Amino acid sequence: MVTAVKRANSELGCGRLEMRLTSDPANIAAVRHAVEELCERKAGLDEKSTADVGLCVNEALANVMRHAYDGALNKPIVVTAECQEGGIVVTIRDWGNGVNPESLPEKPFNPLEPGGLGLICLRRMLTEVSFVPQPDGMLLIMKKAKAPAKPAGDKRPKPERP
Amino acid sequence: MSGGAGPTPKPAPKPVDPNAKAGGGGHAGEIKTGVDLVPHARVQGDAVVVAVRGEIDLHNSPELRGVLLELLAKHSPKRLVLNLAQVPYMDSSAIAVLVESLQRIRKGGGRIFLSDLQPRVKGLLEIARLDTIFIVSKDEADALARP
C-alpha cells in the first residue's frame, strides 16, 4: 500500500508530493489521483493535460510493477511530483532490474498485439520523458508543460463581404 | 492522501452464473456476475450486453478479463455490447482485456460494440488506434440496432 505521503509547499506556493509505495497494483489509483490533484490545483494544468499526466503516471507505475519488478507486490517505489515554472515534473524511482525501456528494440505498434501502449502514451502525452539508469534501478523523469494560453479574441474588424 | 476513490482491492472473480436470474424486477436473460465492476449483464437475442462500472487499471483489469472471457465462452454471442457509461477511466491493461475479448469473439464470427464512451476512454482508444477496430456506438440501443 501507499505507506507514506508527504506534502509540502515550496516557497513559490507551489505544491510538492512525495509518495512511497509498494509495487502492488492496488496502489496505482491512489498515486494517480494525488498527482492529478496536484496538476489541477497547484500546477494549473488544464483538464486534458491533467488527464495525460495521470494516465502516464499510471502506465509508468504499471511498467515498473510488471517489468522492473516482474510482478512482485512488495518492492519499493518512490514517486515525486513537483510544480515548476510552466508545468509539472513527476519522477518515479524503482530498485528493479534496471532495464531501460528506451533501449529495447522498437517494433512497429500493432493495436491488436499486447504491449507497448504505455510507452507510446508517455512519448505522445508528455513534454519530456527521460529514463535515467541508476546503479541499483531506474529513475524516470516526466515533464508536462502547461498548454499555451489561448490568445484573446481577435478584435480586429472583419473585412466586409463584397 | 486525498483524491477520488480508486479501484479497491477485489477478491478473485466469482464464476458467472449464466442461468441465474436477477432478483425482483430483473429481466429475463439477466446474468449475475457477482462482480462490482460488472453490475449488470444480460443476454438479448444473439447479443450479450454488459454494463461496466468504475475506473479500470492493472489492479482490477484481471477481474474484468475473467468476467468477459467467461461470458464469451458460455454464450458465444455474435455481438458483445460493452456499456462504458460508468467507466470514467481505463488504462492500457484494460485496453488489453478488450483486445483479447475481441480476438476471442472474432473466432466465432462475433463483434464487439463499445457504447457510451467517456472522453478519457475515447481518447485512449484513439491513441491505441482501436477506435476504428471496435465498433463505437452512442448507446446500447444503437449498438443493438446496428446490422
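## Chain A

Chain A has three helices and six strands, where helices (H or I, at least four residues) and strands (E, at least two) are DSSP runs numbered from the N terminus. Read from the N terminus, its elements follow the order β-β-α-α-β-β-α-β-β.

Of the 162 residues in chain A, 44% are buried, that is, under 20% relative accessible area with a 1.4 Å probe, protein chains only. The accessible surface of chain A is about 9200 Å², and carbon and sulfur atoms account for 53% of that surface; areas come from the Shrake-Rupley method with a 1.4 Å probe. Taking contacts in chain A between residues at least 6 apart in sequence, 59% link residues at least 24 apart, a contact being heavy atoms within 4.5 Å.

## Basis of the model

This is a predicted model, in which local features need pLDDT of at least 70 and side-chain atom pairs count only at pLDDT 80 or more, while totals for chains, interfaces and linings use all residues. Residues are numbered from 1 along each chain as its sequence is written, chains are lettered from A in the order in which they are written, and side-chain values use heavy atoms, without hydrogens and water.

## The sheet of chain B

In chain B, six strands form an open sheet with mixed pairing, in the order β1-β2-β3-β4-β5-β6; two strands pair if DSSP finds at least two bridges between them. Because β1 (30–31) and β6 (135–137) of chain B are edge strands with a single partner strand each, one side of each has no neighbour in the sheet.

Strands β4 (residues 79–86) and β5 (residues 111–115) of chain B run parallel and are joined by five bridges. Leu82(B) stands opposite Leu114(B) in β5(B).

Conventions
Buried means under 20% relative accessible area, exposed over 50%, partly exposed in between (1.4 Å probe, protein chains only).
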